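This report describes the pockets, the nonpolar cores and the aromatic pairs of one protein model. The sequence and structure come first.

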Amino acid sequence: MIVKERKMPLILRKMEALLRRIPDYHPKRKDIEVRFSKYMGGYRGEESLDYPLGFLPNKESYILHDLRLWDGARYFQIDTLIITPAFILVLEVKNFLGMLVFDQEFSQLICLSEEKEESFPDPLLQVKRHENQLNVWLNHHRFDKIAIESLVVISSPYTLIKNSINPQTRLNEKVLHTGKLMNKMEELNKRHSHHQLPNKLARKLIRQLQKGHTPIEVDILQRFKIKPDGILKGVYCLDCGHLLMKRMSAKWICPECLSTSGSFKNRKYVLTFSE
């Protein structure tokens, strides 16, 4: 059962709005486009979980997407949290193509593709840190003795996963493709079968998690160091995307495609930068 749905992150929506409001020749546009593409790729990767998670028992498992909690010292973000009768599962989703090499000697993730080679922070360290921070949060709110597990999920089934240092290391204990998630959860359920989280306590925990969730606020102009006077003003047409619809006879008319709209009190017609 999904108790906190996944929504497009606010920063993605702000970047999308910003790209509509700056000209093609703006010096920051390329940087914004690159950042937007990476954020959108991550979001699409998280969406890939929807299909396998649909097989979870609806009345026994609770799913919360995009949780941002305070552990008493700092905030931490969890892509997906699953509460089952036997354990809590923290999922960190990665959307990469090509080959992924988990360099455990230097604690980094190397992504190899035909175009380039890139290095990223080790998601195993990241998800373990989130697991530990969640444990602190649970203890602070008196939800102790609940088993916690964490996994790194690779969204694309075509991504190759390799271990750079020791082939005998059981990397598959913590890293897997989306298609193997249900099998892994069955394995974890057997491992923690002696733990049982009463449904009443699970619902109390869910309420506390929802109460503790704190969405991040981002000043998108400050993030990309863009001055307000560099933003294009006016009203966009939702049909063709043309800027500067004209107000005529109590309606807004697009001079490009001639579509019209009524009162802009209806928010579906308002495409302002603030959105």
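A pocket is an open set of points, on a 1 Å grid over the protein atoms alone, where a 1.4 Å probe fits, with protein on both sides within 12 Å along at least five of seven lines; its lining residues have an atom within 4 Å of a point. Grid points are joined across faces, edges and corners, and a volume is the space filled by probe spheres set on the points.

The model is predicted: local features need pLDDT of at least 70, side-chain atom pairs count only at pLDDT 80 or more, and totals for chains, interfaces and linings use all residues. Numbering starts from 1 along each chain as its sequence is written, and side-chain values use heavy atoms, with hydrogens and water left out.

The largest pocket holds about 1,700 Å³ of space. Its lining has 46 residues, and Lys38, Tyr39, Gly42, Glu46 and Asp79 are the closest to its centre. With seven residues, α2 gives the most to this lining; helices (H or I, at least four residues) and strands (E, at least two) are DSSP runs, numbered from the N terminus. The second largest pocket has about 210 Å³ of space. Among its 13 lining residues, Leu56, Pro57, Ser61, Met185 and Asn189 lie nearest its centre.

A nonpolar core is a set of buried Ala, Val, Leu, Ile, Met, Phe, Trp, Tyr and Cys residues joined through side-chain atoms within 4.5 Å. Buried means under 20% relative accessible area, exposed over 50%, and partly exposed in between (1.4 Å probe, protein chains only). In the largest core, of 32 residues, Ile83, Leu134, Leu205 and Leu209 touch the most other members. Helix α4 gives the most to this core, with five residues.

Three aromatic pairs are found in the whole structure; ring centres of Phe, Tyr and Trp (its six-membered ring) must lie within 6.5 Å, and planes under 30 degrees apart count as stacked, over 60 as edge-to-face and the rest as tilted. Tyr51 and Phe55 have ring centres 5.2 Å apart and planes at 85°, so this pair is edge-to-face. Both Tyr51 and Phe55 are exposed. The pair of Phe96 and Phe120 is tilted, at 4.9 Å centre to centre and 55° between the planes.
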